[in-house]
Amino acid sequence: MVVTRWNTHRLSLWAPVALYMMFIFWLSSISRPPELPSGVSDKAAHVLLYSGLGALLVRARAGGWRRQVTLGIAAVAIVVATLYGISDEIHQSFVPPRQVEARDVLADAIGASLAAGALYAWSRIADAKRQRAVTAEAKQRRGV
């Protein structure tokens, strides 16, 4: 494979996603995962963990943090993260004494949805601000 700027850019976008997924896989491979801080439920941990995955997936699909996030990009990130959550639960079923829990997948989907939704909303707000700035600059040039 020839190393190009484009390949390097793609790697910089997708490597964090792959590493994060490996981290989740590793956590699921542990028979007794680390204790959560007092007051943090297992479901809250799933929401937090998968919000990170959702955010990284949005970043990779959009082409970077400062790129426009479309509804399609957010939706694909949610679907991919949720499917990974399902596969993670299946993987966990082979790790004694871990169990499969549908509520964990629901928490994963909620986490990914929160992150993807927030990044989509942020993108829309930023686009509206840019548009207002362009319009104001155009009016100023015309002397209006």
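Mentor: Let's start with a term. A crossing of two helices is left-handed if the near helix is turned anticlockwise from the far one by less than a right angle, and right-handed if clockwise. Keep in mind that what you have here is a predicted model.

Trainee: Got it. Which hand does the crossing of H3 and H4 have?

Mentor: The crossing of H3 and H4 is right-handed.

Trainee: And what angle do H3 and H4 pack at?

Mentor: H3 covers residues 71–92 and H4 covers residues 102–142; the two pack at about 160°, and their axes lie 9 Å apart. Angles over 145 degrees count as roughly antiparallel, so H3 is roughly antiparallel to H4.

Trainee: Which residues of H3 and H4 meet?

Mentor: On the H3 side, look for Leu-71, Ala-74, Ile-78 and Gly-85, among others. On the H4 side, the residues include Val-105, Ala-109, Ala-112 and Tyr-120. Sorted by type, the residues of this H3 and H4 contact are ten nonpolar, three polar and three charged.

Trainee: How do H2 and H3 cross?

Mentor: Their axes come within 9 Å, and the crossing angle is roughly 135°. That makes H2 oblique to H3. The H2 and H3 crossing is right-handed. Among the H2 residues that make the contact are His-46, Tyr-50, Leu-53 and Arg-61, while H3 brings in Ile-73, Val-80, Tyr-84 and Asp-88, among others. By type, the residues of the contact of H2 with H3 come out as twelve nonpolar, three polar and three charged.

Trainee: What about a nonpolar core? How should I think about one?

Mentor: In soluble globular proteins, nonpolar side chains tend to be buried together. In this model, the largest nonpolar core has 22 residues, and Val-17, Tyr-50 and Leu-53 have the most contacts inside it. H1 (5–29), H2 (42–62), H3 and H4 each supply at least two residues of this core. H2 gives the most to it, with eight residues.

Trainee: Which residues does Leu-53 touch?

Mentor: Leaving aside residues up to four places away in sequence, Leu-53 touches Val-17, Tyr-20, Met-21, Ile-24, Ala-81 and Tyr-84.

Trainee: Last one: where is Thr-70, and is Thr-70 partly exposed or buried?

Mentor: Find Thr-70 in the loop between H2 and H3. Buried would mean under 20% relative accessible area, and exposed over 50%. Thr-70 has 34%, so it is partly exposed. Now look across to Ser-123: Thr-70 and Ser-123 are 53 residues apart along the chain, yet their C-alpha atoms are separated by 8.0 Å.

Technical notes. Residues are numbered from 1 along each chain as its sequence is written. This is a predicted model: local features need pLDDT of at least 70, side-chain atom pairs count only at pLDDT 80 or more; totals for chains, interfaces and linings use all residues. Side-chain values use heavy atoms; hydrogens and water are left out. Axes are lines fitted to C-alpha atoms, for helices over the stretch in contact, and angles run from 0 to 180 degrees between N-to-C directions. Helices (H or I, at least four residues) and strands (E, at least two) are DSSP runs, numbered from the N terminus. Angles under 35 degrees count as roughly parallel, over 145 as roughly antiparallel, 65 to 115 as roughly perpendicular and the rest as oblique. Contact means heavy atoms within 4.5 Å. Ala, Val, Leu, Ile, Met, Phe, Trp, Tyr, Cys and Pro count as nonpolar, Asp, Glu, Lys and Arg as charged, and the others, Gly among them, as polar. A nonpolar core is a set of buried Ala, Val, Leu, Ile, Met, Phe, Trp, Tyr and Cys residues joined through side-chain atoms within 4.5 Å. Buried means under 20% relative accessible area, exposed over 50%, partly exposed in between (1.4 Å probe, protein chains only).
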